[in-house]
Amino acid sequence: MIEKALKGNRSYWGWIVILLVIISAGVYSYINQLTTGLTLTGMSRDVSWGVYIAQFTFLVGVAASAVMVVLPYYLHDYKAFGKIVIIGEFLAVAATIMCVLFILADLGRPDRVLNVMLYPTPNSMLFWDATVLNGYLLLNIVSGWTVLGAERKGVPPPKWVKPVIYLSIPWAFSIHTVTAFLYAGLPGRHLWLTAVLAPRFLASAFAAGPAILILVSMILKKTTGFDAGKQAINKLSVIATYAAILNFFLLGMEFFTAFYSNIPGHMHGLQYLFFGLHGEGQLVPWMWFSIIVGFSSLLVLLIPRLRKSSPWLIAACIGIVVSIWIDKGVGLIIGGFVPSPLEEIVGYTPNLNEIFITLGIWSIGLLILTVLLKVAVAVKMQDE
Amino acid sequence: MRRVMKIRERILIFCGLALFLFVVSYAFLQEGKAKKIPTPVAESASEQCVESREYMRANHMLLLDDWRHGAVREGERIHVTPDGRKFEKNLSTCFQCHGSRGFCVRCHTYASAKPNCFSCHHEM
Amino acid sequence: MNDNRREFIRKTGLGVLAGLGAATGIFSKSSFETAEAQTTHGASTSGKRWGMVIDTRKCREGCTKCIDACHEVHNVPDFGNAKDEIKWIWKSPYENVFPGESKQFVSEETREKSYLALCNHCDNPPCVRACPTRATFKRSWDGIVAMDYHRCIGCRFCMAACPYGSRSFNWRDPREAIEKRDQAYPTRERGVVEKCNFCSERLAQNLNPACVETCPEGALTFGDLNDPESEVRMLLEKNHTLQRKSELGTRPSVFYII
């Protein structure tokens, strides 16, 4: 089936070449990091996680959001998602692989990564995260590929794949819940120490994920003529709308609890991110940009007439993705480390090498997604 | 319809096969030219080692791993041999008889084994 | 549904949850004990529990002898910049070391002084809970929170979990910045986390930790917190002491006389 990815027009190969070039730059930068150390990043003993772990967190959400098409299609037999469900599954595969790569890029001793499996430690959330992520990757590859393979031959998918798909539904929720537990169970990190972290992760994932899915479908329609269907896009945009509302509602909860209780530690993280703390506010413009873009996009999505018009929908989806990417991919991690346990404010700026590695991993993910979708679209359109 | 093989194709195939055979047997053709296997012994072999020479030659890494686990994680810092002699579980214990890390390096270089003990443990 | 049955179901549910959680090891054992159990002395009853009492009244401002001694014997590098910084013991102002304590009308002396900070060797260490490989672990026989540098994968989860900022990461090869290499103690490799080890290598030789031994004022006292006759316990009996962020339930083994 993979041979279908080898036949493409010039723009397809052009896109592949661009990705390969960025990947090479990323690999080169990673070799730099391997030989010199993580000092080539902006991280320090106070802000000890940075852009890698932030991307990881955002992408776990993207991966989990596949459940928003899988669940209606397989559990409720919502036929309109028939053509888009494979896009969701393959998006999950690409996102999960990126997650694993971002974790690897962040490790000081990647050569020892198998110690996590060699010395299984159930009290560590990272152990569970590694377990559920790899499981999720497997579930989605197996179910996506098998169903697609059956479709290519024009036969119904084998019976055993149904339980695998059903299992992937609760599993999707588990990956993002466990990812939230990485942060939410740590004493003394006030921004993370909140019971709504996992629900908020899921809400923001189910807003950003479907938004990305809509954008991917639009791109596929434009480049290959493969149409996921108007009804599917409409439904997804409604899902993204409600999830985005829930996300902002939960963010509001955080503000209320911190500022009404007036407990300094609980306020500090949010103060630093949104208003600046002791005159330091590196991320204040970012966070407000995220809020403004997020709310305006939500406003567009809330008006059915705008939501159903392609240009507005595209703009709103980009807005939602950007807003949540800043919230989870920039604010969440850094706001958890600043102020430090000793209440010092230490800034963090990713440096060039780190950014190249990040772009490289994104490109690997996009390459995998491109190849998988190329195969999927070729199979789906073989009869046309 | 079966295709008849042309002479030129046959020559090509046999050349390829010959090359393949040469490559896979290259290591065996070198017999006799290999470096001598080093057989380092303790420099001040007044006492017997913690285990027999045969055991240490084959399994010293397992013993060191066991020592490391005991000393770092279990708080068991003393190794007692079956005949009751006591040794501290420490790399410098080894070097009391075996001189220096040169002792280790000789075989490791020959076997192309690259343990990284000495990047941190530079005592001796 | 009558109240008894509701109560029964509630308790069964809680019990099953707690049992499952404790059985898989996700929650620390003490999580389900009553509050009183945590306030009594020596929650870990088997063996020793090394601890330290710092008499900050005796600690001289500007003196860094304990810090220098520690960093020297443990080959702690000094890169001279904050980004790569590695430290096992250091001094910080009152409001940084004790951020939860009251800052209102604190005496000038207290406010201006620096206080020693080091790994607390918590009785209930969050870093140990977080570590995915058990590279950091609490020694069952003496309560020291130790590092196994051979096993650490450098994920820095322990650094996020430590509420005291006691852990440092080797962002680059530490040997570049070790001025005088102490031959008796190993260095570390790039890519692993390190921290104070309560001088476990010296304790094995029945010596006090280097910081304790070097302090010219005798401000640091070291001993077994589980031994009611020990010097540290005598000091704790006679003085009002603080633990850093005691509200987090980590039960630090380092105490401060202010």
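Mentor: Helices and strands here are DSSP runs numbered from the N terminus, a helix being H or I over at least four residues and a strand being E over at least two. Residues are numbered from 1 along each chain as its sequence is written, while chains are lettered from A and ligands numbered from 1 in the order in which they are written. The model is a predicted one, in which local features need pLDDT of at least 70 and side-chain atom pairs count only at pLDDT 80 or more, whereas totals for chains, interfaces and linings use all residues.

Asn75(C) lies in the loop that runs between α3 (65-73) and β2 (89-93) of chain C, and its phi is positive, about 55 degrees, although it is not a glycine. Arg156(C) sits in the loop between β5 (145-147) and α7 of chain C, and here too phi is positive in a residue other than glycine, with a value near 65 degrees. Most residues other than glycine have a negative phi, and most peptide bonds are trans. A residue counts as buried if 20 or more other C-beta atoms, placed from the backbone, lie within 10 Å of its own, as exposed if 12 or fewer do, and as partly exposed in between. Asn75(C) is buried because 22 other C-beta atoms lie within 10 Å, and Arg156(C) is buried because it has 23 within 10 Å.

Next come the partners of chain C. Residues are in contact if their C-beta atoms, placed from the backbone, lie within 7 Å; of the 2 pairs of chains in contact on this basis, chains A and C share the most contacts. That contact takes 45 residues from chain C and 31 residues from chain A. On the chain C side, α4 (94-97), α6 (126-130), α7 (157-161) and β6 (168-169) each supply at least two residues, and α7(C) gives the most, with 4 residues. To class the residues, Ala, Val, Leu, Ile, Met, Phe, Trp, Tyr, Cys and Pro are taken as nonpolar, Asp, Glu, Lys and Arg as charged, and the others, Gly among them, as polar. On this scheme, the side of chain C that touches chain A has 22 nonpolar, 11 polar and 12 charged residues.

Chain C also touches chain B, in a contact that takes 10 residues from chain B and 13 residues from chain C. The elements of chain B that give two or more residues to its side are α2 and α5 (117-120), with α2(B) giving the most, 3 residues. By class, the side of chain B that touches chain C has 2 nonpolar, 4 polar and 4 charged residues. Chain A and chain B, by comparison, do not touch, and their nearest C-alpha atoms are 13 Å apart.

Buried residues make up 5% of its 124 residues. Among contacts in chain B between residues at least 6 apart in sequence, 54% join residues at least 24 apart. Lys35(B), found in the loop between α1 (7-29) and α2 (53-74) of chain B, is exposed because 7 other C-beta atoms lie within 10 Å of its own.

The peptide bond from Val338(A) to Pro339(A) is cis, with omega near -5 degrees, and Pro339(A) lies in the loop between α13 and α14 (352-380) of chain A. Of the 28 residues of α13(A), 20 are buried, so this helix is largely enclosed by the rest of the structure.
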